Amino acid sequence: MLDTGVWSESRSFNDEGYGPIPSRWKGGCENHANDGFTCNKKLIGARYFCDGYIQAGGVVNASKRSPCDYHGHGSHTLSTAGGNFVPGASILGFGNGTTKGGSPRARVAAYKACWPGLKNPESPTCLDFDILNGFDMAVHDGVDVISVSLGKP
């Protein structure tokens, strides 16, 4: 998934009951921010791409050099596509039930190519250079299906 990253602590990415990561997987789990971000046997890979964003004037300080999702959109889209079963979910106490993604037992990887907006921090900026680097790395890592939920108003 290419987007704003992923919140690895989400119960949607819990790896309980998963066997070993397939040996054909070539991906990694990048985290240069030391922010506690981790991968597991469900969320098997996570990387970030910010060179294009920095060249365009964006600032990514050392504490943000991570695939961690500080916006929420990437975590939402990844859990919609491949989030695990999460019992007891609700919205403000309403609609209690179990959530799951379209392929809840799939292993997933996140490729962060979107950063705080250059003009509006609430609207992520996703630059072609970073998106294409993310695609290339996903293919290299051995991703079978790539989900992309990007757009511009």
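What is the handedness of the link of C29 and C39? The legends below, drawn from a predicted model, take up this link and the other cysteines.

**View 1. The disulfide of C29 and C39.** The sulfur atoms of C29 and C39 are 2.2 Å apart and form a disulfide. This link is right-handed, with 85° about the S-S bond. Both C29 and C39 lie in the loop between β1 (2-3) and β2 (43-48), so the pair ties together parts that are 10 residues apart in sequence. C29 is partly exposed, its relative accessible area being 36%; C39 is likewise partly exposed, at 23% relative accessibility.

**View 2. The disulfide of C114 and C126.** C114 is joined to C126 by a disulfide, with an S to S distance of 2.1 Å. The link of C114 and C126 is right-handed, with 115° about the S-S bond. Because C114 lies in strand β6 (residues 114-115) and C126 in strand β7 (residues 125-126), the pair ties together parts that are 12 residues apart in sequence. Both C114 and C126 are buried.

**View 3. The pairing along the chain.** Two disulfides are found in a search of the whole structure. When the bonded cysteines of the protein chain are numbered in sequence order, the pairing reads 1-2, 3-4.

View 4. C50 takes part in no disulfide; the nearest cysteine sulfur belongs to C114 and is 12 Å away. C50 counts as buried, with 4% relative accessibility. For C68, the closest cysteine sulfur is that of C29, at 11 Å, which is too far for a bond. C68 also counts as buried, at 4% relative accessibility.

Conventions: Residues are numbered from 1 along each chain as its sequence is written. This is a predicted model: local features need pLDDT of at least 70, side-chain atom pairs count only at pLDDT 80 or more; totals for chains, interfaces and linings use all residues. Side-chain values use heavy atoms; hydrogens and water are left out. A disulfide is a pair of cysteine sulfur atoms within 2.5 Å. Helices (H or I, at least four residues) and strands (E, at least two) are DSSP runs, numbered from the N terminus. Buried means under 20% relative accessible area, exposed over 50%, partly exposed in between (1.4 Å probe, protein chains only).
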